[in-house]
Amino acid sequence: MHATDLKNLSYSGLVSLLSEMGEKPYRAKQLWKWMYQKHVKSFDEMTDLSTSLRNRLEKNCALINFKLVQKLISKDKSEKFLFELPDQNTIETVYMPSPDRITLCISTQVGCRMGCKFCLTTQQGLMRNLSAGEILNQVIEVQRRVDQKITNIVMMGMGEPLENLENVIQAIDILRSPDAFNLSQRKITVSTVGLVPAIEEFGKRTDVNLAISLNASTDLLRSQIIPINRKYPLQTLLDACRNYPLKPQRKITFEYVVFKDLNDSAEDIKNLGTMLKDIPCKINLIPFNEHKAGSFQRPLDQTVITMQDALKQNGINATIRYSRGRDILAACGQLASQSANLQ
Ligand code: SAH
């Protein structure tokens, strides 16, 4: 049996563990500061705890650290980290600095079982969910290795976050807490393929940004490229979006990966205009990032710009996501546990 990783515990969970050890609740705050604000690697470094408490924590609990297997740096300054977890599975995390924000794209599962035809991650299948501590530890491990403070978190790395709802919510609570990472709900985004019941549950339990990978304007195409669309077709998905409890001024983001000659026609724009007109939303167009698995093609930049303009004319706010790190296979849909094996 492995000892409990303290990063897997909620605040109240940590308080009860400490109370079993005869310690006062305020110790939890001290531990969080060391783990989530100072990013220490060991109990030894927690210098305002008594030696006796540090020794007991060392004996009964764990602070899991990852092994950095590989770090690749892109021409555009983004960095891709391949981390090894305690059970030897590996995951990828992508650091994306830009002038106005420092974003970290984190994984929520080892692999993925959603089977989207255009995504490299799915080729390896699902190994397992990440624990809440493993989701958070990506932020800690990267923050230790970079100069700038991470300001935004996107759960858009490997895996389907809403398949791992409990751990994702617990990680979000800790990312938000002023005693831990202290990030506002606007700086955290969770992207889902569209698991309708989990979207409903998610909306009840948190108010961070929600992004939905739409990627097609008809059920015919969406079911071909995103198998879960057969279970939760567009009508059901869009109803869930209409009923989503959004605060005033907030919007759902629809991600729309653009594939050459597949979902980039005037008809698609018209469909999108109709589908999304009564949902407070914006569309994020993502030119498809090519990888060796699969036969989809990247559209011309001009096609995507034309689509953006046309969507705007249809009253839909559209942006283009020029993915970072394409040269190091760090871009959307290019993440895999052992990239080298799948390229
Ligand atoms: N499972 C979640 C999060 C991971 S994917 C989801 O489906 O949303 C993050 C985003 O990358 C999704 O919008 C997905 O559609 C997009 N994506 C996947 N493969 C891609 C590729 N090869 N090129 C561009 N975007 C891709």
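Modeller: This is a predicted model. Let us start with two helices, α5 (residues 165-176) and α6 (residues 196-205), whose axes come within 11 Å and cross at roughly 25°.

Biologist: What makes α5 and α6 roughly parallel to each other?

Modeller: The axes of α5 and α6 cross at roughly 25°. Angles under 35 degrees count as roughly parallel, so α5 and α6 are roughly parallel to each other. The crossing of α5 and α6 is right-handed.

Biologist: Which residues make that contact?

Modeller: On α5, L165, E166, V168, I169 and I172 take part, and on α6, A198, E201, F202 and R205. By class, the contact of α5 with α6 has 6 nonpolar, no polar and 3 charged residues.

Biologist: Which residues of α4 and α5 make the contact, and of what classes are they?

Modeller: A132, I135, L136 and V139 of α4 meet N167, V168, Q170, A171, I174 and L175 of α5. The contact of α4 with α5 divides into 8 nonpolar, 2 polar and no charged residues.

Biologist: How do you know whether M155 is buried or exposed?

Modeller: Buried means under 20% relative accessible area. M155 has a relative accessible area of 1%, so M155 is buried. M155 is found in strand β9 (residues 152-155).

Biologist: What does M155 touch, leaving out residues up to four places away in sequence?

Modeller: M155 touches I106, T108, I135, P161, V168, I172, L175, T189, V190 and S191. Of these, I135 also belongs to the contact of α4 with α5, and V168 of α5 takes part in the contact with α6. N243 is 88 residues from M155 in sequence and 22 Å from M155 in space, C-alpha to C-alpha.

Biologist: What makes Y36 and F181 an aromatic pair, and why is the pair called tilted?

Modeller: Ring centres must lie within 6.5 Å, and those of Y36 and F181 are 5.1 Å apart. Planes under 30 degrees apart count as stacked and over 60 as edge-to-face, with the rest tilted. The planes of Y36 and F181 are at 40°, so the pair is tilted. The pair links distant parts of the chain: Y36 is in helix α2 (residues 26-37) and F181 is in the loop between α5 and β10 (188-192), 145 residues apart.

Biologist: Why do Y36 and F181 count as buried?

Modeller: The cut-off is under 20%. Y36 is at 2% relative accessibility, so Y36 counts as buried. F181 is at 9%, so F181 is buried as well.

Biologist: What makes the pair of F118 and F259 tilted?

Modeller: F118 and F259 lie 5.4 Å centre to centre, with 50° between the planes. F118 lies in the loop between β7 (109-111) and β8 (126-129) and F259 in the loop between β12 (252-258) and α9 (266-276), so the pair ties together parts that are 141 residues apart in sequence. F118 and F259 are both buried.

Biologist: How many aromatic pairs are there by this rule, and which rings are linked into a cluster?

Modeller: The count comes to 10 aromatic pairs. Ring pairs link Y11, W32, Y36 and F181 into a cluster.

Biologist: Why is K77 called exposed?

Modeller: Exposed means over 50% relative accessible area, and K77 is at 58%, so K77 counts as exposed. K77 is in the loop between β3 (67-73) and β4 (79-84).

Note on methods
Residues numbered from 1 in each chain as written. Predicted model: local features only at pLDDT ≥ 70, side-chain atom pairs only at ≥ 80, totals over all residues. Heavy atoms only, no water. Helix = DSSP H or I, 4+ residues; strand = E, 2+ residues; numbered from the N terminus. Buried < 20%, exposed > 50% of the residue type's maximum accessible area, 1.4 Å probe, protein only. Contact = heavy atoms within 4.5 Å. Axes fitted to C-alpha atoms, helices over the stretch in contact; angles between N-to-C directions. Parallel < 35°, antiparallel > 145°, perpendicular 65-115°, else oblique. Left-handed = near helix turned anticlockwise from the far one by under 90°. Nonpolar A, V, L, I, M, F, W, Y, C, P; charged D, E, K, R; others polar. Phe/Tyr/Trp six-rings, centres within 6.5 Å; stacked < 30°, edge-to-face > 60°.
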